[in-house]
Amino acid sequence: MDIFESENSKENDVLIAISKKLKLKETPVFCLSKDHSVPDFLEVKCETKNNEKFVIVGMRIHAVNIKDSEKENEFRFVLDKVKEEKNVIICGDFNNNRRGF
């Protein structure tokens, strides 16, 4: 497996592991947010041996001191980033209000 991880030294990180059978198409993109304008996310563009391209996005929507509308905006930010891609996998910690925050 090839492992890609964020570099967040103070909080939660984002990690994506892909099979070595896949080719990395571009340098992974990582975004660490200092506020609630965007989620912490890691984007990895890959290609199969049959030249099928796809994107994997690992994301972490913030949970503390954030409104539901801000959480939605964080999610939409990632959707907008990958809207031109044909094959997308989005996974992560969506902090979906299960615990009341």
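Predicted model: local features only at pLDDT ≥ 70, side-chain atom pairs only at ≥ 80, totals over all residues.

Student: How many bridges join β5 to strand β6, and in which sense do they run?

Tutor: The two strands run antiparallel and are joined by 8 bridges, with β6 spanning residues 53-60; within this pairing, Phe 41 stands opposite Met 59 of β6.

Student: Which other strands pair with β5?

Tutor: Strand β3 (residues 23-24) is joined to β5 by 2 bridges in an antiparallel arrangement, and there Lys 23 has Glu 47 as its bridge partner. Strand β4 (residues 29-31) also pairs with β5 in the antiparallel sense, over 3 bridges, and Phe 30 stands opposite Leu 42.

Student: Why is strand β5 described as largely enclosed?

Tutor: The general idea is that side chains in a regular strand alternate between the two faces of the sheet. Here Asp 40, Leu 42, Val 44 and Cys 46 are buried on one side of β5, while Phe 41, Glu 43, Lys 45 and Glu 47 are buried on the other, which leaves both faces covered. Because 8 of the 8 residues of β5 (residues 40-47) are buried, the strand is largely enclosed by the rest of the structure.

Student: And which residues form a nonpolar patch on the surface?

Tutor: That patch consists of Met 1, Ile 3 and Leu 15, which together have about 330 Å² of accessible area; of these, Ile 3 belongs to strand β1 (residues 2-5).

Technical notes. Residues numbered from 1 in each chain as written. Heavy atoms only, no water. Patch = residues over 30% accessible without salt bridge, like charges linked within 9 Å, V, L, I, M, F, W, Y side chains within 5 Å. Areas by Shrake-Rupley, 256 points an atom, 1.4 Å probe, with all protein chains shown as cover. Salt bridge = Lys/Arg side-chain N within 4 Å of Asp/Glu carboxyl O. Helix = DSSP H or I, 4+ residues; strand = E, 2+ residues; numbered from the N terminus. Buried < 20%, exposed > 50% of the residue type's maximum accessible area, 1.4 Å probe, protein only. Pairing = 2+ DSSP bridges.
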